[in-house]
Amino acid sequence: MDKQELVCISCPMGCRITIEKDETNSLGWKVAGNVCKRGTEYAIKEVTNPTRMVTSTVRINGSHLPRLPVRTDKPIPKDRINECMKLINSITVTSPVKMGQTLIDNLFGTDAKIIATRSM
Ligand code: SF4
């Protein structure tokens, strides 16, 4: 793999990081440009198994607002985000919903869930 350039999204500093394969390094990667070790972890994960938290809203019936804010309870594989959004857009929940309540369990057969981020 050639050298890749990334922007670390682990904190607002947004360090510009480069990463390339390096078999001489114990991690197997040469990472540069990061201010802290979270940048190293982020860069390696980003090139081997990129994941993201997903935040969105779902339709809700019987509430004073038409949409309920939701999120995944943990990061999911980046290549499943579109599928996740289709699922989120396909459901309608009914009030009352409590903050933290599970709305979709076993997302894609994983232990990830879609949960409500406020009571409504
Ligand atoms: S490398 Fe560290 S300081 Fe830089 S953006 Fe990532 S978390 Fe923040």
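**Contacts, domains and cores in a predicted chain**

Of the contacts in the chain with a separation of 6 or more, 42% join residues 24 or more positions apart; two residues are in contact if their C-beta atoms, placed from the backbone, lie within 7 Å. The model is a predicted one, in which local features need pLDDT of at least 70 and side-chain atom pairs count only at pLDDT 80 or more, while totals for chains, interfaces and linings use all residues. Residues are numbered from 1 along each chain as its sequence is written.

Turning to the overall layout, the chain contains two helices and 10 strands, where helices (H or I, at least four residues) and strands (E, at least two) are DSSP runs numbered from the N terminus. The radius of gyration, taken over C-alpha atoms, is 18 Å, well over the 14 Å that the globule rule gives for 120 residues, so the chain is more spread out than a compact globule. That rule is 2.2 Å times the number of residues to the power 0.38. Along the principal axes, the C-alpha atoms fill a box of roughly 60 × 30 × 20 Å. The chain is divided into domain 1 (4–48) and domain 2 (55–116), with bounds from an automatic or database domain assignment. The C-alpha centres of these two domains lie 31 Å apart.

What, then, lies inside? Buried residues make up 19% of the 120 residues; a residue is buried if 20 or more other C-beta atoms lie within 10 Å of its own, exposed if 12 or fewer, and partly exposed in between. A nonpolar core is a set of buried Ala, Val, Leu, Ile, Met, Phe, Trp, Tyr and Cys residues joined through C-beta atoms within 7 Å. The largest such core has 14 residues, and Val58, Leu68 and Val70 have the most contacts inside it. Two or more residues each come from strand S5 (55–61), strand S6 (67–72), helix H2 (81–90) and strand S10 (114–116). Beyond its neighbours within four places in sequence, Val58 touches several residues, including Leu68, Val70, Ile88 and Leu103. A second, separate core of six residues includes Cys8, Val31, Tyr42 and Ala43.

Gly39 is buried, with 23 other C-beta atoms within 10 Å. Leaving aside neighbours within four places in sequence, its contacts are Cys8, Ser10, Cys15, Ile17, Val31 and Asn34. Gly39 is also one of the residues around the ligand, among them Cys8, Cys11, Cys15, Cys36 and Tyr42.

Note on methods. Near = placed C-beta within 6 Å.
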